Amino acid sequence: EPHHASACDLGDAPTAVAWPVCPAVCENGGCGDRGLDAWTHREPCLRNPGSEQPICVFTDISFAGGRGISVVTTPERARYLASIPAFTDPANTRVLNPPLPGTPEAAAPRTKLYEIREVPGKGMGVVATTFIPRGSLIMANTASVMTDYRAFNELTKDQYAALQAAAASQLPVAHRSLVLNLSAHDPAAASTLPQPELVERIMAINSFDIDPLSDADPERHYSFFTLFPDIARINHDCRPNAEYLFLGPSTLAQAIHAARDIYPGEEISVSYLNPLQTRAKRAARMRETWGFDCACQACSLRGRLARESDERVEAIGWLHGELSEWSGSRAERSERDDLAMAELLVALYELERLWCLVHEGYVLAALAHNAAGSAWDAMRYARRALDWGVPMVGEEDEDMKEMAKLVESPWGHWSWRWRRERERKRQEQEEAMAKRRETEKGTAAEPGKGRRQGTVKRVEVPDGPLGYEKVREILKRNLEKYLGS
Ligand SMILES: C[S@@+](CC[C@H](N)C(=O)[O-])C[C@H]1O[C@@H](n2cnc3c(N)ncnc32)[C@H](O)[C@@H]1O
């Protein structure tokens, strides 16, 4: 049962519906709380019995240069959100978004990278109008409507749909119409469905899972279902030419970067699902979660070409797993095998046209080269990993940070001559143990004895042809295991 009580001091902002307001927001110091004052609207609120906190709609119409944002969440989280740089430093978000349709900014002349228009068989889509080089920022959007997963867990569907509708309706008018015009699959939906149902549908079709609070969040990793309305016009492709990247608490924005060079007239695409799955798995997932059949080039391959693509996807998965492993099983393999596997991995990403993921191959190739003591090759791959990877996953990504360190000094990186170092440490440990045993026996160790005296056992690198054959053999063995045939 939602609480029915009088409103807190919430101003006279228009909402689409008359709302019961939960007094807990005020009782707990909410309305007088400076953290919550940052929000221009703090209603409506709903709370079911057993829930610790109400869930309310918090809107800040001044966010991102007057574009606005609405968040369906608890007062505690709203207070926290209001303290992050996206809110406290307005300069961060002022010029991030494309101008809102119908505003004077939209009419002003400017260089456009894309247009939003009908794409046959897909509804609306985003099409490049100029050459967009790989790595370029294509567009960015601050969040419009964010729904805390807590709302899905603690409220009924009718309740959270009502809050989401209020969230959309409290946005400034040009922004609100941008949101309400998004795809609801059925063009008649906007005029036939009640507002809560329409907004719920728009949110379901167009939103991303975002974790904006990350480490600083007291409850950590609580996701928000988040709408970025311009980005929401980008259609899916299993081999996309662009990738999305959440820019974090500094802006609460999502960015789209080109994963490869994009030419005028090409549709800009992202992948809605993990592209590293076989065609059948991708198709099943697409049907199940999105309700449409993907007709992208990779999904339209036939016969042998389709089988080869699936095999490459499986091989990428296996090679990636093996080359990410830094333990005993890797030590059993030779450095040469690692290098051949890394080269193969990079080639497979390229053949599969997985431009949004190829940096992962470069990362593993850089580490494999460094582990084999080949510093310059390692640096070359690490540079490529950064060049391709940073626009896709950001500088703060752990792999990218690792590559930045490797580029600076391959020799000081943990992966440098990994097998040899591992063996040296193992020997040192053995010698220390032996010495301890000696001492325990009461036999005084002679000076210098038991210490390492340049006796590092080098790992043997087998001679003979560097084996593509051998890698094929390993691959085949493991793929059989993996594929079961
Ligand atoms: C986030 S929206 C993308 C923009 C949408 N086309 C529009 O008109 O606003 C997602 C919806 O677009 C359509 N869509 C996206 N990618 C598609 C594709 N590759 N083929 C067919 N329809 C697609 C589906 O209806 C999907 O539910």
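**Figure 1. The shell around the ligand in the predicted model.** Strand β5 gives the most to the shell around the ligand, with three residues. This is a predicted model. β5 (123–128), α11 (195–206) and β10 (235–236) each supply at least two residues of this shell. There are 18 residues around the ligand, and Gly-123, Met-124, Ser-183, Asn-235 and His-236 come nearest. Sorted by class, the shell holds eight nonpolar, eight polar and two charged residues.

**Figure 2. The hairpin of β4 and β5.** Strand β4 (residues 114–119) pairs with β5 in the antiparallel sense, over six bridges. One of the residues to look for is Arg-117, whose bridge partner in β5 is Gly-125. Three residues lie between the two strands of the hairpin. In this hairpin Gly-121 takes a positive phi near 80°.

**Figure 3. The open sheet of four strands.** The strands follow the order β4-β5-β13-β10, and their pairing is mixed. β4 and β10 stand at the edges with a single partner strand each, so one side of each has no neighbour in the sheet. Strand β13 (residues 267–270) pairs with β5 in the antiparallel sense over two bridges. Here Val-126 stands opposite Ile-268 in β13. Strands of a sheet pair through backbone hydrogen bonds, either parallel or antiparallel.

**Figure 4. The open sheet of six strands.** This sheet runs in the order β1-β2-β3-β7-β9-β8, with mixed pairing. Its edge strands are β1 (45–46) and β8 (208–210), and each of them pairs on one side only. Three bridges join β8 to strand β9 (residues 224–227) in the antiparallel sense. Phe-208 stands opposite Thr-226 in β9. Helix α4 (residues 75–82) packs on the sheet and touches β2 (55–60), β3 (69–73) and β7 (145–148). The direction of α4 makes about 145° with that of β3.

**Figure 5. Two backbone details in loops.** The peptide bond from Glu-43 to Pro-44 is cis, and its omega is near -5°. Pro-44 is found in the loop between α2 (34–37) and β1. His-185 is not a glycine, yet it has a positive phi of about 70°.

**Figure 6. The packing of helices α17 and α18.** Two packed helices are described by the angle between their axes and the distance between the axes. For α17 (residues 375–393) and α18 (residues 398–408) the angle is about 150°, and the axes are 9 Å apart. The crossing in which α17 passes α18 is left-handed. On the side of α17, the contact is made by Ala-378, Met-379, Ala-382, Arg-383, Ala-385, Leu-386, Gly-389, Val-390 and Val-393. On the side of α18, Asp-399, Met-400, Met-403, Ala-404, Leu-406 and Val-407 take part. By class, this contact has 12 nonpolar, one polar and two charged residues.

Figure 7. The domain assignment of the protein chain gives domain 1 (24–270) and domain 2 (303–314 + 324–417 + 464–483). Eight residues of domain 1 are in contact with eight residues of domain 2. On the side of domain 1 that touches domain 2, the residues divide into three nonpolar, two polar and three charged.

Conventions: Residues numbered from 1 in each chain as written. Predicted model: local features only at pLDDT ≥ 70, side-chain atom pairs only at ≥ 80, totals over all residues. Axes fitted to C-alpha atoms, helices over the stretch in contact; angles between N-to-C directions. Left-handed = near helix turned anticlockwise from the far one by under 90°. Contact = placed C-beta atoms within 7 Å. Nonpolar A, V, L, I, M, F, W, Y, C, P; charged D, E, K, R; others polar. Domains from an automatic or database assignment. Pairing = 2+ DSSP bridges. Near = placed C-beta within 6 Å.
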